[in-house]
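Let's take a quick walk through this one. Have the sequence and the 3D view open as you read.

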Amino acid sequence: MREVISRLSPKGWAIVGGSAAATVLFLVLVMHFASTPSYSTLLTGLDPAQTGKITSTLDTKGIPYQIQNNGTALAVASGETAKARIALATAGLLGSSSDHPGFELFNSQSLGQSQFQQQITYQRALEGQLDQTIDQIQGVNSAQVNLVLPDSQNELFADTAQNASASVLLDSSPLDSGSVKGIAQLVASSVPSLDLDKVTITDQAGELLWPTSGQSASSNGLLSKQSTERAYDATMAAQVTSVLDRTLGQGKAEVQVNADLNANQATSNSLTYANKGVPLTQQTSTETLTGTGANGGKAGTAGNIPGYAATNSGNSNYRNTTSNTTYGVDKTVTDTTVAPGAINSQSMSVLVDKSVPASEIPSIRSAVAAAVGLNANRGDTLSIAQIAFAKPATTSGTGGMSTYLSYAKYVLVGLAAAVFLFFISRLLRRREQEDFAGHPTWLHELTSPRPLASLEGADSEATELTGLHPPLNITRRQIEELVERDPDRVAQQVRAWIAED
């Protein structure tokens, strides 16, 4: 170490100083990253008024936190997540961004409240409890529930009693029909004498979410038609895209479907008569007469005057048959209910990447047309075009990847420091070799006693080389260092020179 320090030039001292400063900076950065706590998001969609209560609770417990998204999200230290949940749950602040109290209103009641005040308190508590319950549904940021509860004591007759009703205002991300129906069922089941059709749900934009059926065609009928068409378009596009991805490759095709569906439910009645009637009743009558006797007399006085005997006689045999049939009408009555969803027409657009050969386009057209059931007589259209697709942008992972990235940055910093130290040490070794290259040849080749005549050429060479160095007696310093390092070999060489004299 002393040898290296003694040989350092001003440039070498500058390099050593820069290396020391870089090492100190590296250590400071490592300590900073190691001491900085990592935060994980605990609550989102908070009401700013509720955020103050949550932060005060965390301050009381000494839990570090960060407020994000302009006061609507809260993150706590990763190691304090469980402790923060317990603290907020104890305070009744976990899982609810609602600022409306629930049944805890009954925890502190004063004496002497009237029946009207108790009824209002119960209604407020029920509304607040429903607010807190709906807020826990995924996708719902906040909810406002308003109830209209009839006064049953003022109703004398059950047939004149009014039913309860409820209105819900949601501040949420787009919800599917199943989630909206679940919220309506939840409210209807929590309020006595509240029917499902008496619940109204509206989003923050004023759009009616519930009820969505049994309404006029101009309101929810239109929404039902649009939702049905969107579901059909998404399903068909996903099916065709899946087929193209397996054949052409992932991301080589983009499919868009636009269908016109008949969302109306219809009932068809038909009446058919048969060509021949069906006999209902049949009657048959038979009349017979058999006998002997005189025939009637001749016409005139002789045959009609008493006393004249009949002059003719003979036998009689009479038979008569009649039939009567009543026919019924043979008819068939058919009642048919036509389910909604019939396709009026559909259009499809398929974009294919330029990397797909143009010779495969006709095969792709035939396969897509068969997959969606394309019918030209119905007005269906299919368009296929080739364009160069944009390269997908690389996005950094979130969630679980953030943990790996936090460890990766320490690894990268360590590798960078190792590479820096490697190049610094390499530079110092090169500098040392350059300094040693100026030494006299006879000095670093002094391994055994040599005669003085063999060193004359080495002395001239050493004189030329040392003339290029600064005005320092480098040869003397090197000899001194050699004497300190290997005194026995130097003494042996000196004795050899003395013996020659």
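How are helix 13 and helix 14 oriented to each other: roughly parallel or roughly perpendicular? Keep in mind that the model is a predicted one. Helix 13 covers residues 474-485 and helix 14 covers residues 487-500. They pack at an angle of about 115 degrees, and their axes are 5 Å apart. Angles of 65 to 115 degrees count as roughly perpendicular, so that is the answer for helix 13 and helix 14.

Who does the touching? On the helix 13 side, the contact is made by Leu482, Val483, Glu484 and Arg485, while helix 14 brings in Pro487, Arg489 and Val490. Sorted by type, the residues of this contact come out as four nonpolar, three charged and no polar.

## Two spots in the backbone

Now look at Trp210 and Pro211: a cis peptide bond joins them, with omega at about 5 degrees. Pro211 sits in the loop between strand 7 (208-210) and helix 7 (220-248).

You'll find Ser193 in the loop that runs between helix 6 (177-190) and strand 6 (194-203).

Leu271, Tyr273, Val329 and Val333 make a nonpolar surface patch of about 430 Å². Of these, Tyr273 belongs to strand 9 (residues 266-273).

Terms used. Residues numbered from 1 in each chain as written. Predicted model: local features only at pLDDT ≥ 70, side-chain atom pairs only at ≥ 80, totals over all residues. Heavy atoms only, no water. Patch = residues over 30% accessible without salt bridge, like charges linked within 9 Å, V, L, I, M, F, W, Y side chains within 5 Å. Areas by Shrake-Rupley, 256 points an atom, 1.4 Å probe, with all protein chains shown as cover. Salt bridge = Lys/Arg side-chain N within 4 Å of Asp/Glu carboxyl O. Helix = DSSP H or I, 4+ residues; strand = E, 2+ residues; numbered from the N terminus. Axes fitted to C-alpha atoms, helices over the stretch in contact; angles between N-to-C directions. Parallel < 35°, antiparallel > 145°, perpendicular 65-115°, else oblique. Contact = heavy atoms within 4.5 Å. Nonpolar A, V, L, I, M, F, W, Y, C, P; charged D, E, K, R; others polar.
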